[in-house]
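Q: I would like to learn how to read the features of a model like this one. Please take them in turn.

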Amino acid sequence: MENSILEIQFAIDTFYFLMMGALVMWMAAGFSMLEAGMVRSKNTAEILTKNIGLYAIACTTYMIYGYDVMYGGGVMLEGIEVVAKDATYAAPSDFFFQVVFVATAMSIVSGAVAERMKLFAFFAFAVIFTGVIYPMEGAWTWNGASVFGLYTLGDLGFSDFAGSGIVHMAGAAAALAGVLVLGARKGKYNKDGSSNAIPGANMPLATLGTFILWLGWFGFNGGSVLAMASKESANAVAMVFLNTNAAATGGVIAALILVKLVWGKADLTMALNGALAGLVAITAGPDTPTALEATLIGAVGGIIVVYSITTLDRVFKIDDPVGAISVHGVVGLWGLLAVPLTNSGVSFTGQLAGAGTIFVWVFGTSLVLWLILKAIMGIRISEEEEYSGADLSECGLEAYPEFTK
């Protein structure tokens, strides 16, 4: 009887992992639609190719090498297919859940470097990022490994439940390095330093992408409970779902109110980024706040993202077409710092140490990698190709040929 119960629990937890992973995989569609909506029509096919390509690269590279770097246990067959005797779920389901997180981190980079990067230079970066850079900082955080033998973040009181820092801030750090090396899009900034708005081509598509990401985030945070087949874990999953949704709504409301007060009208792009900011903010600790506290954490994220996007654009001249660096990086840091407000077992110093470690490692290694790729193969399309659109130069086709001819 006891063995039968354990087998049922094993099956439930495995199924739960697979379904949560499938929701996170669906976030790839969300990033694709969001980015396709936020770029100009002449770059749509290229950004979609970039998204499906990076997902395939992330899954393959992490399977061959990255999973072993992050969690150990051998490469591919040894590390993924062998089930530990005391495991409560099938090992391949754990790998599947982990690999879609890797793809999410890489997707963050895609939008920030949109409309001027060479497609295969981006793919080359994706191989190293998903195979080495991300798995290394993942090993230091979720696997508890020491940082080059110097210190252990867990001992310092660092906690990141589902990845505000480990996934989102890491992706943003890699994106920031890429944008700094790549430079701004042509026509984005004037000689006097003023900024020109470059509207996206399809706001319905961007809105659809945001809602898809919102849905996928339930798997992102809910799956990070890591169990389902008990009353306690089922209650925990339900609370995480509730808080995830609450934070997103808080981000939308705060962003809408702020832009109305400051600009005198609503702004759809800021509302969309407010939702994503709320989701990023709660990801580090969706298990401990009340629903109201989660709403407030998300609301602060919604306010931060508005000011961050405008500041990076107008003051620092960082051209980020989708606001990824602000949404995932700046708000990711806020998410980490918000955890001690509702979790007494986590310290601010530990969170700062973790954030600093993640940023320094990912930004530093990414910057070096971008510079190497720039020297070897070049990372930016020509000015003429940028004017004509990356669709033609990188993909040889247009996303909307009927409308452009």
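**Reading the model**

A: Gly216 sits in helix α7, which covers residues 203–222; helices are DSSP runs of H or I with at least four residues, strands are E runs of at least two, and both are numbered from the N terminus. This is a predicted model, in which local features need pLDDT of at least 70 and side-chain atom pairs pLDDT 80 or more, while totals for chains, interfaces and linings use all residues. Residues are numbered from 1 along each chain as its sequence is written, and side-chain values use heavy atoms, leaving out hydrogens and water.

Q: Is Gly216 buried or exposed?

A: Buried means under 20% relative accessible area, exposed means over 50%, and partly exposed lies in between, with a 1.4 Å probe and protein chains only. Gly216 has a relative accessible area of 0%, so it counts as buried.

Q: Which residues does Gly216 touch?

A: Contact means heavy atoms within 4.5 Å. Leaving out residues up to four places away in sequence, Gly216 touches Leu23, Val24 and Met27. The C-alpha atoms of Gly216 and Trp26 are 6.0 Å apart, although 190 residues separate the two along the chain.

Q: How does the radius of gyration of the protein chain agree with that of a compact globule?

A: The radius is taken over C-alpha atoms, and the globule rule is 2.2 Å times the number of residues to the power 0.38. For 405 residues a compact globule would have a value near 22 Å, and the protein chain has 21 Å, which agrees. The C-alpha trace spans about 70 × 50 × 45 Å along its principal axes. The chain has 15 helices and zero strands, and 54% of its residues are buried.

Q: Which residues have the most contacts inside the largest nonpolar core?

A: In soluble globular proteins, nonpolar side chains tend to be buried together. A nonpolar core is a set of buried Ala, Val, Leu, Ile, Met, Phe, Trp, Tyr and Cys residues joined through side-chain atoms within 4.5 Å. The largest core here has 109 residues, and Phe125, Phe129, Tyr134 and Val362 have the most contacts inside it. A second, separate core has five residues, including Ala36, Val39, Ile47 and Leu205.

Q: What does Tyr134 contact beyond its neighbours within four places in sequence?

A: The contacts of Tyr134 include Met70, Phe101, Phe129, Trp142 and Ile166.
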